[in-house]
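Q: I have a new structure to look through. Can we start with the open spaces in it?

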Amino acid sequence: MLSHFYVKILQLVSRDSITVKVMQDDAFSFYLDREKKLLVSSEDYGRDLTGVQNLKKKHKRLEAELAAHDPAIQSVLETGNKLSDDNTIGKDEIQQRLSQFVAHWKELKEFAAARGQRLEESLEYQQFVANVEEEEAWINEKLNLVASEDYGDTLAAVQGLLKKHEAFETDFTVHRDRV
């Protein structure tokens with residue numbers, strides 16, 4: 001696909017400085033369009049643990065896509081620089097468009113990196129919240145057990161309650177280390 005664009009670029013060199021425009025519009029406008037910028041600059045970091053995990057998976061796919069296209073981006077830059085070096089017609093416009101192209105690509109990658117970092121922070125926060133909620137649920141469950149006024153009416157009932165209390169103490173020791 002890239003060689004097709006390279007041939008097309010060489011054919012257009014003698015016409016005018018449309019060359020870099022062709023490189024931008026035909027080959028890589030995908031990376032420069034607003035949709036990708038909006039995606040990587042989104043303020044949605046997930047409302048719960050599952051949401052954040054899904055957003056991280058989606059972001060990981062985007063980062064892989066960006067990384068996969070980096071060699072093609074570099075090839076376009078090399079071609080543009082070669083055209084600028086070899087031609088005097090449209091040289092300024094080629095350089096200007098290459099500068100814009102590089103700036104857009106850099107901005108997109110910076111936004112993607114920043115979003116990845118914020119999603120990681122959101123994941124840590126949501127994991128913390130989930131852990132707190134789990135421990136609070138455990139505390140409420142055990143609070144009902146130890147606040148009970150039932151001390152047993154028979155020997156068997158007392159022994160059963162003692163076993164429950166021993167199990168609670170063991171469970172409490174484990175949870176004390178987690179908190």
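Predicted model: local features only at pLDDT ≥ 70, side-chain atom pairs only at ≥ 80, totals over all residues.

A: The largest pocket in it holds about 280 Å³ of space.

Q: Which elements give two or more residues to the lining of that pocket?

A: Those are α6 and α7, the latter covering residues 155–178. The biggest contribution to the lining of the largest pocket comes from α7, with 5 residues.

Q: And which residues line the largest pocket?

A: The lining is made up of Leu145, Val146, Ser148, Asp150, Tyr151, Val158, Leu161, Leu162, Lys164 and His165. By class, 6 are nonpolar, 2 polar and 2 charged.

Q: Where does Val146 lie?

A: Val146 is in helix α6, which spans residues 91–146.

Q: Why is Val146 classed as partly exposed?

A: Because its relative accessible area is 43%, and partly exposed covers what falls between under 20% for buried and over 50% for exposed.

Q: What lines the largest cavity?

A: Leu39, Leu55, Lys58, His59, Leu62 and Arg115 do. They divide into 3 nonpolar, 1 polar and 2 charged residues.

Q: Which helix gives the most to that lining?

A: Helix α5, residues 49–86, gives the most to the lining of the largest cavity, with 4 residues.

Technical notes:
Residues numbered from 1 in each chain as written. Heavy atoms only, no water. Buried < 20%, exposed > 50% of the residue type's maximum accessible area, 1.4 Å probe, protein only. 1 Å grid on protein atoms, 1.4 Å probe; cavity = no way out; pocket = protein on both sides within 12 Å on 5 of 7 lines; lining within 4 Å. Points joined across faces, edges and corners; volume = space filled by probe spheres on them. Nonpolar A, V, L, I, M, F, W, Y, C, P; charged D, E, K, R; others polar.
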